[in-house]
Structures are given as C-alpha cells and as structure tokens.
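Here is a brief report on a structure with its sequence. Please read it alongside the coordinates.

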Amino acid sequence: MPDSTPTPDPRRFEVSRATLWFDRLMGWLIRFGGIGVIVAVFGIFYFVGKEVLPLFREANVEPAGEVSGEAAPRVLGMDEWAELPFFYAGGNEVVFSNVATGERSVLPVPGLDEVEITAVSHDPVKQRIALGTADGRIGSFIVNYERKFEDGREPWVAPSITAEPWFALENGSGPVTALGYGDSGSGRVIVAKRGEGPSSTVSVLRLAMKKGLIGKGKLTLAGETDITGQLDSEARIVRASQNGAMVLVATRSGEIDYFLASSDGVTKRQSFAPFENTTPARMDFLFGGVSIIVIAPDGRQEQWSLFRREGEGERLFGMTKQFPTLPQGDLHFAASQRNRSFLTTAGRFLTIRHSTSGVVRWEGEADIDPAAVALDAKGEHFLVAAADGTARKFSIHDPHPEAGWRAFFGKVWYEGGPGPVHQWQSTGGSDDFEPKLSMMPLIFGSLKGTAYALLFSIPVALLAAVFSAAFLPHSVKRVVKPAMEIMSSLPSVVLGFLAGLWLAPILETRVPSVILMIAAVPLSALLLGYIWCRLPIVFRNRFEGGSEWMIVLPFLALAGWLGWALGPVIESWLFVYKDPSTGREIADFRLWWPQATGIPFEQRNSLVLGFMMGFAVIPVIFTIAEDSLSNVPKPLTAAAAALGANRWQVVWTIMLPVAAAGIFSALMIGFGRAVGETMIMVMATGNTPITEWNLFSGMRTLSANIAVELPEAPVGSTHYRALFLGAVVLFAMTFVMNTIAELLRQRLRERNKIV
Amino acid sequence: MPPAPPSTPFATTGRSRKGEPWVWLTAAGLAVGVVMAMALILLILVKGTASFWPRQIELMEVQTGDIVETIAGYITEERQRRDGEGVVHEEIQVFRGNRDLYGEGFKFIDRANIAASTRPGDLLLVERMEYGPAIVRAVAMETPAGRIAAGEPGFEKALNETIERAAEDRTRMLRIERKQIGANSRELTEIDRAERAGRINPETAAARRAMLQEEFTRLQSQAQAIREKLNLSRFIAEAVDGREIVFPAEKLIHVFPANEAGLMGRLGEMFRRIGTFLTEDPREANTEGGVFPAIFGTVIMTLAMSLFVTPFGVICAIYLREYAKQGQLVRIVRISVNNLAGVPSIVFGVFGLAFFVYTVGGGIDRMLFSDKLPTPTYGTPGILWASLTLALLTLPVVIVATEEALSAVPRGVREAALACGASKWQTIQRVVLPASLPGILTGIILAMARGAGEVAPLMLVGVVKLAPSLPIDDIAPFVHPERKFMHLGFHIYDLGFQSPDAEAAKPMVYATALLLIVVVVTLNLAAIHIRNRLRKRFAASSF
C-alpha cells in the first residue's frame, strides 16, 4: 500500500521568515520611537534651561586690538562701532586712530589756536568735550561720527568736529581748573572752578538755547551764580549731570554739596560726606543721572543715589550700595551709556561692575598703566590708553549684566527707591529706565492666588470626596463622579472670563453677603445634621443612606439666600464708612475696607479668583482624594463597623488615616494645578505685582506674567530670558510637588495591597 | 417588620447621633460641588442662548430734569447703583443701537425717570455692515423702479428682494476683491522676488507688471460697477427721534420686526442668528458677525494636534508597557511622564516658542526661505507650531491612557495568542491593540478636549485676534501650516478683555463660551461613554 499521507514539511514548526523580520522591525521601531519620544519630552527641560543659562554667565572680556594716538590722552573717546577712537591731549587738534589699520588722522579744532587749555571734561553720550582756559573762558566742541556707505567699499566711519561759542566767567580770577558740563537740550549747565587753593572760586554758568524756526539754535547766557560761599572748603571735584539738572561739588573736607539747577537759578539742596573727612578720589555720574559712584583714595567704592526717604518730600542723595574695595593705583572711570554697568581702573587693575545688582561682572589686568578709559555707546568695547598714547582695545560680551541670583531672588535697592525691595517692572517709559526683574513678587503672586484658591477648594473637595467615597450609593456615584470630571475639563478661559466680567462686578457690591454665605452654608449643614439625628428613627428610616446630599440641598439654598439677602443689613450695621471731609456715613464695604485696614479694595480680587479657581481645582482634588478613599480596603472598614463603630467613626478613625497619604497627594496635585493656571489668573487678578496678602486685592502670577509679557519681549533680551526663568521656576514648583504626590500615592497603593 | 437588606454600607442615614452633623457637612460639600458645576454650565447655557434670542424693543419716554427724551431699545441688564449720597437707584441698561447717531450703543436709564413705555409694532431692528444694529421705523424703499413708501403694497417685497440681492452681490464683490485681486497682488510680489533673485529679466517683469496692473484696474471697476448698481436701491428709515437714516443696499444685511414677530418668527430669527454665528466671518472688531474662522482654526489645530500626538503617544506607551524592561528606570520615566500632565500649560507654550518657533522655524527659514528674510516664514508663531506644542502638552494624557488600556488586557488573552504561535508584534497587532483600542480612543478624545480648551500656550505660539486668511484654503499649496489662526478660546479672551467696546462684545463672548463648552463637554462625554463600554466589555471577557 502506497504511503498516501504526504511527508510532513520538516519546517512546519518554523515561523515564516517574513513574520520574524517584521516582528524584529516593529520591535526596533517601537523601541526607537518610544525612547525617542521620552528623550524629546525631556528635551523640553534642556531647551528651556538653555535659554535661561546665559543669565547667570559672567561677562567675557577679550583683547581686541591695539592703537596709538601718540599723545598723552586727556580725553579718550570712541565711536559707536569702536573703529575710530579719538585722543585729545588738550591742544588745538584731535587725533583719530583707526584700530583696524592703525591709520592716524588729525582734525583741527576751530578757534583753539593760541588758547591755553587748563581744564577739560568729557560727556561720552554726546561726545562733547568741554574746555576751560587760563583766562577764564569756557567753551566746548563735539566730535561727530558718521557711518558712510559707498558701493564697492566697506562702510567706514568719518569723523568731524563742531565747535560751540565761548563764554567768559565773570566771577573769580585765574585759570579754570575744573569743569563739569551738562546739556538738557533746552539749556546747558556748566560748573567751573577757578584758581587753586583757598582763594579758588566755583561758579555755575547757565546757558539757554534759543531755538529758531529754522536752523540751529543760538546759545545765550542765562546767568552765572557764584556758589563758593555755600561750600565749606575748597572744591576738588565738580560735576554736572549729563541732563543738566544737577551740580555736585566735592570739597577738600570730604563733603559733597548737591545743587539743583533750574531756569531760575541754582539752589543748594544737600551736603553729604561719603568718606567722613576724606575727599573722594573720583566722583562720577552713572547712566540715567540719578546715581553717582564715588571712590575713596583707599579704594572703597560706593554708589549714592537720589531717592525720597520715608516721610520726606524731596529726593536727596543717600548711599545705596558698596562695592568690593579697589586696589591702590591711579583711578579712572567710564560709565556705560546703555545700562548701569561701569568700568573702573585702579592702576593696572580693570573691573566692570553693575550698579543694579551691585555685583562685579568682570575683573582683569591691563599691560599698560591707564591714563584714560573709554566705553563705546553700545557697551561692547572699551579702550584703555596709557600716558604715552598707546591704547588697548577690549571687547566686552555681557548681554545680561543686570541679571544674576541677587537680581532675581534677592532684595535690590533700585534707583529712586527708599530701600532694597523685591520688585518686578520689566519695561519703562524712557531709555534710561532701570529694569526691575525680581522673581519674588511673581512667586508671591502665584502662591497667594494658589493659597486663596485652595482655601476655598480644599474644604469643598475633601468633604465631597469623603461623602462620595463613604456614603454615596454606587448608582449615584456613577453619575456624580463623571460630572465632577467634566467640571475639570471646563476651559479655563471661560472660567476666567466669567470671573472677570460676570462674577467680579456682582461680588464687588455684595462682599458682606458673600461673607455671610460662606459662614451660613456649612453652619446650616451642621445644624441640619444635629436636628436630623434627633428626629424619630421611624421617620429617618424612610430615607435611604447616601441621599443626604439631596436632602441638604434646599436647606443650603435657603441658607445661601438668607446670607445673600441679609448682607446689606449687616453692611449697614457693621461696615459703615464715614466720609472724613463731610462726616456723612455711607454703608459700603468697598469704602469701609480701605478706611478700616489701610489696604486697597479692588474689583478683581482674590475672593473672586479663589471662587473661580475652585472650578478648576475642586475636581482635581476631588477625583484623586475620592479614589484613595474608595480604595481603602473593605476588610478594614467592615471590621470597624463590626466592632460597633458608627458610620462617622469608621470614616474618621479608619478611612481618613489610611487614605491620608492619598489625600495629601491630592492636595499637592491641586496645588500644582492652581500654581500653573494661567488664563483665570490673567483675567481675574488685575495683574499688579504687589506683595501683600490682602483678600481684596489682586496679584500678578508667574504664569500670567509669561502669557502677558513674553509675546512682547525681544528675543534673547534679559527680559525674555527672565520670563523663561519664570517658566523654569513654575516648572520646578509643579514638578517637585507632583513627584512627591506620585511617590506618596504609589506607596499608599502598595500598603493597601498588603491588607 | 425587619428592615430591607442594605444596598450600601450604611443603609439608613445613621442611627447613632455621634458625629452625624459631620456626615451632613460632607454631604453639604458634595452638594456645593455638584451645584457649582451644574450652575456654571447652566449659566453659560442660558446666557449663551439668550444672546441669540431676539428681544422686544421698548419705546420709552425718559424725563431727566426738564428734558424729555424718546429712547427705543431692548433691555440688556438691570442693576442697582448707589450714588455718592448712598441713595439706591434702580437702573436698566438699554441697547439703543444707532451708534452712528448717538455715538454709544448702550445707555443706563434710571427706572424712576421713565414716564411711559410701550412696544409699538412698527419698530424694526436693522442689521448692517457698519456701526452695529439700528432701531428704526421704516419710511420708504427707493429702487431703480421708483420709490415705495412704507405701508404701500409691494414695500415688503421690494425690501426683501433688495436684501437678498445685496447678499448675493456682496459675495460677488468679495470674490472679486479678495480672491482675484488677492491672486493679482500675490503674483506681483512673486515677480518682485523673482526679479530681485535674477530669475527673470527686468523687461519681462515690467511687461508682466503692466499686464497685472491693467487686470487690477479692470477687476476694480468690475467690483465698482456691481456696487453702484446695487446702491441704486436704498432703504430709508427714521430713528425714533425723527432723524432720517439711509441704508444703501450694500450695507443692508437683515431687517427684523422685533415687536411684531410671533413665537415662530422669533425662533426662526434665533436660528438665523445661530446660523450666522457659526458660518460667517467676524465684523466690527469681532463684536458682530460670526466666528467661523475661529471654529475652523480650533478644529484644524485640534485635528493636527491629534495627528501628531496619537502615533507618538501610542508608540511610547507600547514601548513602556510591552518592550521596556520593567525596572527602576522605567518606573522613574513613568512617574515623570505622569508628572508632565501636571506641568503648567504655559511652560509648554514657552518651550514651543523657544524650540519650535525660534529654533526649528528659524532654521527652516534660513535653509528654505532665505530669500524672504528678514521677514520670517516659519520662524514666527503659526498653526503648525501651535499644534505641535499642544501635542507635547497632551502627550502624557495619551501615554497614560494607552498604558492603562494595554495593562487592562488580560494576561490570558496574550498568552493564548502567543501559544497559538503568534509573534510578539502579531500579538500586539492582532490581540492587544484591538482590545485596548477603546481605551486608547478615550485617551485621544480626552487629549483633544484638553487641547481644544487650552489657550495660554497658544497665545505664545500662533493665535491671533483676527487672521486674514484660513490655514487651509483654495490657494495653492492649499495647506498653510505657517499661518497664524483664530481660536475660540482666545476669541473669548480677546473679546472680553481687549475689545474696544466690551459691552457690545458681551453677547458674542457668551455665545462663543457656550460653543467652546459644548465642544469640550461633548468630547468629554464621548470619552466617558467609551470608557464605560470598555469596562463592560472587559468585565465580560476577563478570564
């Protein structure tokens, strides 16, 4: 009999090659994709961090060339592009020396032949050099730089010189020995010292600029004031602020006298002595003309600023910052024209410091003995020249001088303020605005908003979770829980708009009603429970357990309505505002609150915010807390009930302690949700960066701040990066909180498994 | 009689008195929570619907001092105001329309000053292209055929015909002005660029330019002709104070007899308004017209987002659950992914701006669109970056949901598949994924709901208050991922807080909020529904 059954394929137990290949391919694909996604997600931190890091970098200074002016530089200046510095030795010509080519050119200054220059001063903003002569005359000239473009040639800088008219001093005699020059646009203020020794005099010359309809204006003498009599000893340093509003004179006794110059004359406002009996070795204005940097002969360096002290009406000078002591040596100084950085040299020691944060940005050494220094207008280069005219150019890379740990998290004494504060004010009206970038008011705002939100949400959410987990029948829970979950998905922009446009105007006039309602609702529930359990058991048995929340509803509504209606009554009884001028009494909480507490009442306040944030936070806390309460092992609760505990005792002594970790993690996640909430914060808080816990005022949170300011911030600026820092802080806060919460929950799950 | 067997752990509402008040306090907590959620949705529902409902127009004689003023309008709000002396005034806010005559559309009137109030049937609510609605009495219709006074036979017919023709002609003019002239000017810029790049010689460019200019003039005069012909018809009316208002047909949108219309007429008007709201472009700084571009933008953005998030989320979850070795590292990754769901959305927005817009977008610009620089093409916020940012934001939602669904597939099912000789991937593809599909779908829908309602990150990566063109249209290449877009959520923020006339914008805000909530809640309900069905299925199929 032939064998009819075919021989089985020996490879019948093998898997098809294609299947295996495909399996392997998909395995690699999924591994690659999965790991790729995880890496990409964590790339977020890298990228956000990368934007923040430059804020904490120090300045980088590199040598960038040499040049020589072949003359002792009494004044050193530089163009905006740092290509063509000028050297002025005090004669009738200015030497320009090209850094790149070493080419030198000389421009004559008109009207300086046969004039003996005895004093000079330099204003780097306008590139004005003011001159004082041996015969008591004062004049000035301006070095203009112009960028020229021509086809087929690299753009180059062409200098020119404009001279201004001379004015003779009336007071005093002898040569002008020190000079300060300020230009307000409509006038000039010049302070000049004549002669040396005890017989020297100091006068302030005011010039007015008469503007014609066409052409340039004409300078005329507006007045000369002799201020020698108002000084206690011989003047050593005289300075006029760049904007021509102030005159400062440092005297031999160590005193600095502060004069205010206006169109009416010169008045002395203040005398102060930074270094007791020592005359400052240098005294120079900073950018903005509100602060001066003074250096003692022993190297102490201090910043003195104009500010209004508590209870005083006038802005006077006071010490705001001390910088690390400089080494001994010849002192030179140049202030940035862009921010509050300044360059100081002491001998061969060079340092760049920043006045806002009071930190040293850079320190270094020069290989020549500086006789003059200059910073360019962009603050990207500086030039140090020795007495023989050789000069070294350095490039500065310091894009964020005002940043740093202290500026973001510490108290900083900003110009014009009465003391060190935490403040956020990123943009201002003028060029010389000092940005205030403290994160603290924003962190405070975030915490305040979160605190008020949680204050309302936690009780509601936890009570609801306890009831739902312990008492609510399953059939009802199947509806109630998803309803709460849907509440969490309500877009926050809708909540925010309701808070700002609907709720805030309603609550504004009904604050006493709200307070009453908040008290009445829980009290009525407690009272109802108290009465209920004293009703006959026969009656109570008619209601199935778990329906309490339905029974309590009408009573809550009644209590709420009563509170709402009685609010105005309470208001007219307790919150009566008495008009201080007319003595009329008005029952209005909005007026009463500021009068009684001294803090403001705003329409968009924490009360409104706390309530509306409830919609976002309650469901989050509720869901997680309910889960952990529901997952308390049945044997535990059943055992407690069998031992005779009543239903509240079971909840209080068994469920709550067992689920405590889960409830805590629910609170943490609720915190995370509230801290990061953006749209409600933007729309309902008023966005003022204040730091007070007042319930009836708003705040500015980290998240709202980013949403409002980031679209406007120039890419790569300190402001832009500071907003990124805000995002990092926000991220860190929530990530840490969430991780703790997650770990707690996992531990709880494992513990519950054991039971 | 013995009590019925308990259906819950605590059948009766407590026999012991101890602690019972606290139980009631927790009950109050739940009641407050549920009532809050319901009340909020109800509020939006009522306010949103009310913004479409045509209200009756009151004609009031208002006496302030010696001056008697006739005001017609519908009441929008009632309030109590306390003046400087503490006296309470009952006030009503009236929308009187006719902003071209009065300057302001809204007016507060003290109830005590209203001498008489009637609702005459001849008052009409006129919708027009400019200045918001007008409340008038009809006087006459002027058509090329002649003048028909109000009340004469044929007046209504002439008015309705004019309105219809106006709508048609406006569409025609729009087509010419936006599309054809738009194409014309696009071609002009293209020629400029080509000439600068040296791709065509100046003579050809000049000739082409002259041709385009000629066509432009022709199109313009074409549109002008339609406009002039249309405006031969005019609707003449007078305000309640007797001042005449002339509506050229071009500006006329709709006339509604607010007081004469019955219930059916009102319902019809309401549906017409809802239709307008859903399908038309916004007008008058977004306070009138519709929100169609915002709906379109939201939908496209959400769809693009789910397109990005679904594959990546699912692959990542499959990797974590099926392929990765379950150890400490995977545990840490899982916790971190979970936590990402709790990271504030604005942080994702910040990242999107730095990474997608400036790094990736800027890179694309430098490589592919360097001839357009410094004007950025992709290096500026746009819909592509917005949907990518939101995809990142919702990634944890999808990963977590998918992982849960995967782990819910019973072990027995997998083992059965493997025992039958299926490879690992075949098991996943044929058994595990189909079984967990509802769970994955739930995750995706939840992600879409979250994405649709999120606004804060969008403010940084691409949303604008008024986008001139849609991200998908009929101009090649049809899909424009670099364009900025409008979004319902941002529309609410912009209308409510940055609108020049916040009062006039309120109905639009409520209507938009209602629409957004309907979208989000529907998505959520769908997710919950699928989840519940999924539970049942697994309850039946578990071994």
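## Domains of chain B

How many Å apart do the C-alpha centres of domain 2 of chain B and domain 3 of chain B lie? The two centres lie 41 Å apart. The model is predicted.

Chain B has three assigned parts: domain 1 covers 58-128, domain 2 covers 138-262 and domain 3 covers 292-541.

## Contact between the chains

Chain A puts 98 residues in contact with 83 residues of chain B. On the chain A side, the most residues come from helix α1 (residues 17-52), which gives 18. That side of chain A, where it touches chain B, has 67 nonpolar, 21 polar and 10 charged residues.

## Helix α10 of chain A

Helix α10 of chain A takes in residues 606-630, 25 residues in total. At 1.5 Å a residue it should span 36 Å. Its end C-alpha atoms are 33 Å apart, which agrees.

The helix also has a kink. The bend is about 45° and lies at F615(A), shortly before the proline P619(A). Of the 25 residues of α10(A), 23 are buried, so the helix is largely enclosed by the rest of the structure.

## W156 of chain A

W156(A) belongs to strand β9 (residues 153-168) of chain A. A buried residue would need 20 or more, and an exposed one 12 or fewer.

L84(A) and W156(A) are 72 residues apart in sequence. In space, their C-alpha atoms are 9.3 Å apart.

How values were computed: Residues are numbered from 1 along each chain as its sequence is written. Chains are lettered from A and ligands numbered from 1 in the order in which they are written. This is a predicted model: local features need pLDDT of at least 70, side-chain atom pairs count only at pLDDT 80 or more; totals for chains, interfaces and linings use all residues. Two residues are in contact if their C-beta atoms, placed from the backbone, lie within 7 Å. Helices (H or I, at least four residues) and strands (E, at least two) are DSSP runs, numbered from the N terminus. Ala, Val, Leu, Ile, Met, Phe, Trp, Tyr, Cys and Pro count as nonpolar, Asp, Glu, Lys and Arg as charged, and the others, Gly among them, as polar. The expected span of a helix is 1.5 Å times one less than its number of residues. The bend at a residue is the angle between axes fitted to the seven residues ending there and the seven starting there. A residue is buried if 20 or more other C-beta atoms lie within 10 Å of its own, exposed if 12 or fewer, and partly exposed in between; C-beta atoms are placed from the backbone. Domain bounds come from an automatic or database domain assignment.
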